[in-house]
Amino acid sequence: MAVPRWHLDLTVCQSRGVADLKPVLADLEAESEDLDALVSDLPDKAWAGSTPAAGWTIAHQIAHLAWTDRAAHLAITDPDGFQTELRGAVARIDSYVDSAAAEGADVPPPELLMQWRDGREDLAAALLGCPESARIAWFGPPMSATSMATARLMETWAHGQDIADALGVTRLPTPRLWHVAHIGVRTRDFAYLVRDRVPPGEPFRVELTAPDGSIWIWGEGAAQTVSGSALDFCLLVTQRRNRADLSLVARGADVDEWLDIAQAFAGPPGSGREAGAFSA
């Protein structure tokens with residue numbers, strides 16, 4: 001059964017190595033612990049609170065992270081079992097993610113929290129056991145262990161933002177945003193392809209101000225540029241904020257168009273957030 005093209009393109013982008021595995025896993029653990037601290041003391045009824053993702057509660061958000069960690073662990077430890085999972089996803093591509101999140105959200109919050117904790121620990125151990133040259137089967141072409149860890153960090157940060165917004169919490173940006181920004185840059189062409197558009201032929205320069213004031217640069221020497229804070233860029237590419245509410249500056253017609261459609265996550269074009277829904 002064919003795998004949807006949007007999966008193929010995104011995982012190809014992510015499979016270009018970004019860093020050594022152990023530092024990425026350390027950052028993934030830290031990102032997960034920060035989110036864990038947000039939800040661990042919530043009363044059970046608060047887990048049913050709505051988040052900015054339509055139809056998703058806080059429980060849905062954690063259930064989705066737990067489910068994806070389990071799927072990644074399965075892909076490493078039981079490739080045949082993962083192929084069964086993959087066939088199920090392709091057969092129900094329009095509802096698969098929402099259904100899995102809804103099923104997990106029905107689990108009592110203390111049990112769901114433990115499932116997420118156990119799952120992310122199991123995944124980290126499995127990733128550490130992968131040979132450096134290994135490619136892990138995924139919803140598309142195989143991924144390296146480092147790319148898998150980076151993708152998990154991006155999702156943890158993005159879904160954590162939804163939970164923070166639901167709770168009215170402002171999170172302090174950390175240097176871990178580099179991983180999210182990197183995926184946002186590397187998935188530029190995917191944002192066009194998923195919309196049946198032709199990506200620009202030339203690279204863009206992305207210049208972001210990191211939380212510590214240093215500058216992160218991708219595409220050195222490119223004529224068209226985007227600049228601004230790393231936090232704003234990450235909020236944009238994960239579609240957690242509307243571009244109108246952010247302070248990113250585009251110089252060039254093509255890069256200006258990209259900022260309107262940027263998408264670091266797999267799936268069909270995201271609906272994003274309404275302008276003015278949040279303060280930047």
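Predicted model: local features only at pLDDT ≥ 70, side-chain atom pairs only at ≥ 80, totals over all residues.
How many residues apart in helix H7 are Arg152 and Glu155? They are three residues apart, so about one helical turn separates them.

Arg152 and Glu155 form a salt bridge, with their closest N and O atoms 2.6 Å apart. Both Arg152 and Glu155 are buried.

| Salt bridge | N to O distance |
|---|---|
| Arg152 with Glu155 | 2.6 Å |
| Glu31 with Arg176 | 2.6 Å |
| Arg240 with Asp162 | 2.9 Å |

Now to Arg240 and Asp162, whose side chains meet in a salt bridge. Arg240 sits in the loop between helix H10 (230–237) and strand S6 (249–251), while Asp162 belongs to helix H7, so this pair ties together parts that are 78 residues apart in sequence. Arg240 has a relative accessible area of 9% and is therefore buried. Asp162 is buried too, at 0% relative accessibility.

Salt bridges with shared partners also join Glu31, Asp34, Arg171 and Arg176 into one network. Within this group, Glu31 forms a salt bridge with Arg176, the closest N and O atoms being 2.6 Å apart. That pair links distant parts of the chain: Glu31 lies in helix H2 (residues 21–39), Arg176 in the loop between helix H7 (145–167) and helix H8 (177–186), and the two are 145 residues apart. Are Glu31 and Arg176 buried or exposed? Both are buried.

Terms used:
Residues numbered from 1 in each chain as written. Heavy atoms only, no water. Salt bridge = Lys/Arg side-chain N within 4 Å of Asp/Glu carboxyl O. Helix = DSSP H or I, 4+ residues; strand = E, 2+ residues; numbered from the N terminus. Buried < 20%, exposed > 50% of the residue type's maximum accessible area, 1.4 Å probe, protein only.
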